[in-house]
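Hi,

Here is the structure we talked about. Please have it open while you read the notes below.

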Amino acid sequence: TSCEEIGNTVYPPAKKKLSSLGIDCFGKTARQITKQDYLDYDYLLVMEEYNITNLMRILSDDPETKVYRLLDFASCPRDIADPWYTGNFHTTHTDIMEGLDAFLEFILKKHPDVML
């Protein structure tokens, strides 16, 4: 949601954590979200409330209720602590996996015809 990382590759400690999980970041670079993304995607998921504030500066509005924190779908909605500041990539990974599992469950309930 910010512009300070545009064009940068994945943060080295994050790349190391992802690599340990078998996830390749080759060729991935940061870009800023755009108003067109709102039209192109059904959901815009962020890590923390601050990201929603920034996102709303770009979008101005969320008339279709597409913007959520990832952990809004979990049993204990909360922000995901940014490992850039905490250095704790393990906790961030655990929170992201919790959010992804809960989001998948939400999608399957809302759209039972979705094929995986």
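**What turned up**

Leu-45 touches Tyr-68, Leu-70, Phe-73 and Phe-103, leaving out residues up to four places away in sequence; a contact means heavy atoms within 4.5 Å. This is a predicted model, so local features need pLDDT of at least 70, side-chain atom pairs count only at pLDDT 80 or more, and totals for chains, interfaces and linings use all residues. Residues are numbered from 1 along each chain as its sequence is written, and side-chain values use heavy atoms, with hydrogens and water left out.

**Leu-45**

Leu-45 sits in strand β1. Helices (H or I, at least four residues) and strands (E, at least two) are DSSP runs, numbered from the N terminus. Leu-45 and Tyr-68 are 23 residues apart in sequence. In space, their C-alpha atoms are 5.1 Å apart. Leu-45 is partly exposed, because its relative accessible area is 33%. The classes are: buried under 20% relative accessible area, exposed over 50%, partly exposed in between (1.4 Å probe, protein chains only).

**Salt bridges**

Side chains of opposite charge can pair when their charged atoms come close. A salt bridge here is a side-chain nitrogen of Lys or Arg within 4 Å of a carboxyl oxygen of Asp or Glu. The whole structure has seven of them.

One of them joins Arg-31 and Asp-37, at 3.0 Å from N to O. Arg-31 is exposed at 52% relative accessible area. Asp-37 is buried at 6%.

Arg-78 pairs with Asp-95, at 3.1 Å from N to O. Asp-95 is in helix α5 (residues 89-110) and Arg-78 is in the loop between β2 (67-69) and α4, so this pair ties together parts 17 residues apart in sequence. Asp-95 is buried, with 10% relative accessibility. Arg-78 is partly exposed, with 23%.

Arg-78 also forms a salt bridge with Glu-98, where the closest N and O atoms are 2.7 Å apart. That pair links distant parts of the chain, 20 residues apart: Glu-98 in helix α5 and Arg-78 in the loop between β2 and α4. Glu-98 counts as partly exposed, at 28% relative accessibility. Salt bridges with shared partners also join Arg-69, Asp-72 and Asp-79 into one network.

**Glu-48**

What is the nearest side chain of opposite charge to Glu-48? It is Arg-69, 8.9 Å away. Lys and Arg count as positive and Asp and Glu as negative; His and the chain ends are not counted. Glu-48 is buried, yet has no salt bridge. Glu-48 lies in the loop between β1 (44-46) and α3 (49-59). Setting aside neighbours within four places in sequence, Glu-48 contacts Arg-69, Asp-79 and Ile-80.

**Cysteines**

Cys-76 is partly exposed, at 44%.

**Surface patch**

Tyr-11, Trp-84 and Tyr-85 make up a nonpolar surface patch, with about 380 Å² of accessible area together. Patches are made of residues with over 30% relative accessible area and no salt bridge: like charges are joined within 9 Å, nonpolar side chains (Val, Leu, Ile, Met, Phe, Trp, Tyr) within 5 Å. Areas come from the Shrake-Rupley method with a 1.4 Å probe; for residues, only the protein chains shown count as cover. Tyr-85 is in helix α4 (residues 83-86). Tyr-85 counts as exposed, because its relative accessibility is 68%.

Best wishes
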